[in-house]
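Biologist: Before we rely on any of the terms used for this model, could we go through them one at a time, and set each against its definition?

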Amino acid sequence: MSNPASISKTEGGSVTLRGISRSYGANQVVSDINLEARSGEILALLGPSGCGKTTTLRMIAGLVQPTAGDIAIDGRPITDLPVHRRNLGMLFQNYALFPHMTVLENVAFGLSMRGVEKAETAERAKRALALTHLTGFEDRMPSALSGGQQQRVALARAIVYRPKVLLLDEPFGALDKKLREAMQIELRQLCNELGLTTILVTHDQEEALVLADQIAVMRGGRIEQAASAREIYERPSSHFVADFIGTSNFISATILGKHDGKTTLKSASGQLFESLVATELGIGEKAVVAIRPESVRLSATGEATEAINARSGRVLRTVFKGQTLSVWLEMAGSEFVCALPIEAIGASPPQPGQIWTANWSAERTLIVREQ
Amino acid sequence: MQSVNGTIPLDPLPNDGALSGARENNTKFSRLVEEAWSRFSSTRYTGFFLVLPALLFLGVWFIWPVVSMIASSLSAHVVDGVTVEGFTLENYTRLFSSDLYFRILARTVRVALLTSICAAVFAYPLAIAISRGGPSLARLVTITILAPLLVNVVVRSYGWQTILNKTGALAWALKQVGIPHPPALLYTEWAVLIACVHVYLPFMVMPLASAIARIDRSVEEAARVAGATRLRVFLKVILPLSLPGLAVGASLVFSLSSAAYVTPQVLGGNFSPLLGTLIEQQILTLNDWPFGAAISTLLIVMVLAVNLVFLKIVNRRFARWTEAAR
């Protein structure tokens, strides 16, 4: 940041959604969402397309009216406030710059709408452009800018009037990977420096993990789980979340017993699992055991065994991925993937056709709801 | 892969050589064809051949008549009902020396301009409804706007006559609300204007609607989120970005209404004639073809000039917005 103090740090607003729903005719797009983004926090709404995340964001912006529920910023209800009076900043997937205005005019738009004096408007717009590294581009037209530059203009346009909340709708979808990663880091720094509460919509789990303090995983118009990035990854609450964030191996099982924080499960084939991860599910309930590929250790056994938290199978294929070696094992008709750190591979790595045994610790045995 | 690589050197060479000779001839011929085709289809010629049919048609049915019309306005003039042959500028001096003709010309430009402006004012809400409303509203508005085009313009003009008549529907309605002596509308410029706006409105709505439909919705939304009221969004975003459509519509409406004949004739009568009526009088009533041709030439030049100036202004603005990275 060339001049970090040039737009003063403002107190971002806290955003509260209470029982928000939206339906189009009989089609319920968002149902009963309760969520809070604390002041200065970056919240990611993450989910596959059609999960209602964009509709939720547009309801916060006021571009879509909820059919039920309340939205409040800093405790004040804004549900009935028209869009232009909500004092929000928004970034669109396709940047949505005004094609007939110069970069400076684009950035100054929000200020002139607020009746800010001309000289001050130009001054503040220039500062916002400096903040997004676009000094010198003031008189260019948007069509003469690259995608990354356009996104920066859109960002400057959204933050120049010190909004309470910044809303991002798949903001980096159109950028290539390198640029996307650079913009993500830059955005995170900027939001933290400005103390901006930010709500981000994305279908890219990596983007959510990089940017967000809190991730709300959405599915079918509902929130599956809302928690910190680390908790979502390490303690997914459902099969869907464990599958959507990162990769997991899933084994259906029934809970046999719970004792001293240790849960014992049994799969349909009679294999036993032990987990030290807390679960709300009770004895006798159906559950799914989820094991992250990087939690697995492999040992060459040469024969099939089914001990507790261990399973063996024939190696189907191996793929070298730079930092890890991915190994796919065939187990009871399904595939089981392990990601081995390169340093952990000995002189004789797994070869297709060999029988290897995967085992994992009880701390790394996740128990998730079936649905 | 290895076995395939192994078999290649085992192929009998002479046979292969003969084949390749034939193939060479073949390629030479096809290269010739390709060259001929690429020369034929190079941008310079393709463009010409694509335009040729239209060019021939317009040449015979438009350009030649216009040239001969201009020629006839310069090659003869009528004195006391007698045609005097020979090159002359008499028709044009007559056109510009008389106050009467100048008034009609001014009225034509005024009516055409006002028609364009009024049509634009009425067209914007309709165009927005078509391009931004729900599909059923859009269809309804489109049909309502286009339906009058199915009715002959003569019929529509007489329809307006019965409405604007001294004892017509409008006068009756005004009397009901307590205006017993409304100002006469029929056979005034106003009647011509009202009917022209009605007749030419579709030509403004359609290009405007397609221009507005092309504006990215998220650009409007960005403006609203940034603090613009709906009115401000219209003035700052929709209006400037729909200018290309407005230019097309205005140029259509201006051209059509300045050349209108039936509507001004039926509703303006002889009290408020436009150039079209004047031309008809000169040619059909007074049998003065050269002077009629001169007025027609003036009309064409005027419409052309206004259109060119207008499009030039809009194009220059629009080029700035799409200025590519250099």
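This is a predicted model: local features need pLDDT of at least 70, side-chain atom pairs count only at pLDDT 80 or more; totals for chains, interfaces and linings use all residues.

Biologist: How do you know that the term "transmembrane region" applies to residues 137-155 of chain B?

Modeller: The term comes from UniProt, in an unreviewed entry that lists residues 45-64, 111-130, 137-155, 190-212, 233-254 and 291-311 of chain B.

Biologist: What makes helix H7 of chain B oblique to helix H9 of chain B?

Modeller: The axes of H7(B), residues 153-164, and H9(B), residues 189-213, cross at roughly 135° and come within 11 Å. Angles over 145 degrees would count as roughly antiparallel and those from 65 to 115 as roughly perpendicular, with the rest beyond the roughly parallel class being oblique, and that makes H7(B) oblique to H9(B). The crossing of H7(B) with H9(B) is right-handed.

Biologist: Which residues of H7(B) and H9(B) meet, and how is their contact described by class?

Modeller: On H7(B) they are Val153(B), Arg156(B), Trp160(B) and Leu164(B), and on H9(B) they are Ala191(B), Ile194(B), Ala195(B), His198(B) and Val199(B). Sorted by class, this contact has seven nonpolar residues, one polar and one charged.

Biologist: Turning to chain A, why are helices H4(A) and H5(A) described by the term they are given?

Modeller: The axes of H4(A), residues 147-159, and H5(A), residues 177-194, cross at roughly 15° and come within 12 Å. Since angles under 35 degrees count as roughly parallel, H4(A) and H5(A) are therefore roughly parallel to each other. H4(A) passes H5(A) in a right-handed crossing. The residues in contact include Gln151(A), Leu155(A) and Ile159(A) of H4(A), with Met183(A), Leu187(A) and Leu190(A) among those of H5(A). By class, the contact has seven nonpolar, two polar and two charged residues.

Biologist: Which record places a domain in chain A, and over which residues?

Modeller: An unreviewed UniProt entry gives "domain: ABC transporter" for residues 15-245 of chain A. Over that span the chain is 36% helix and 27% strand, and its end C-alpha atoms are 25 Å apart.

Biologist: What makes S2 and S5 of chain A edge strands?

Modeller: The open sheet has four strands in the order S2-S1-S4-S5 of chain A, paired in the antiparallel sense. S2 and strand S5 (76-77) of chain A each have a single partner strand, so one side of each is left without a neighbour in the sheet. Helix H1 (residues 53-61) of chain A lies across S1, S2 and strand S4 (68-73) of chain A, and runs at about 115° to S1(A).

Biologist: How do you know that S1(A) and S2(A) count as a pair?

Modeller: At least two bridges are required, and strand S1 (residues 15-24) and strand S2 (residues 27-37) of chain A pair over seven bridges. Leu17(A), for example, stands opposite Leu35(A) in S2(A). Their hairpin has two residues between the strands, and there Gly25(A) takes a positive phi near 65°.

Biologist: What is the strand order in the five-stranded sheet of chain A, and which strands are its edges?

Modeller: The order is S13-S12-S11-S14-S20 in an open, antiparallel sheet. Strand S13 (272-275) and strand S20 (366-368) of chain A are the edge strands, as each pairs on one side only. Neighbouring strands of this sheet are turned by 45° against each other on average, direction ignored.

Biologist: How many bridges join S11(A) to S12(A), and how many to S14(A)?

Modeller: Six bridges join strand S11 (residues 249-259) to strand S12 (residues 262-267) of chain A, and six join S11(A) to strand S14 (residues 286-291) of chain A. Ile255(A) has Leu265(A) as its bridge partner in S12(A), while Thr254(A) stands opposite Lys286(A) in S14(A). In the hairpin of S11(A) and S12(A), Asp260(A) takes a positive phi near 55°.

Methods
Residues are numbered from 1 along each chain as its sequence is written. Chains are lettered from A and ligands numbered from 1 in the order in which they are written. Side-chain values use heavy atoms; hydrogens and water are left out. Axes are lines fitted to C-alpha atoms, for helices over the stretch in contact, and angles run from 0 to 180 degrees between N-to-C directions. UniProt positions are given in the numbering used here, feature names are shortened, and annotations may be inferred rather than shown by experiment. A crossing is left-handed if the near helix is turned anticlockwise from the far one by less than a right angle, and right-handed if clockwise. Contact means heavy atoms within 4.5 Å. Ala, Val, Leu, Ile, Met, Phe, Trp, Tyr, Cys and Pro count as nonpolar, Asp, Glu, Lys and Arg as charged, and the others, Gly among them, as polar.
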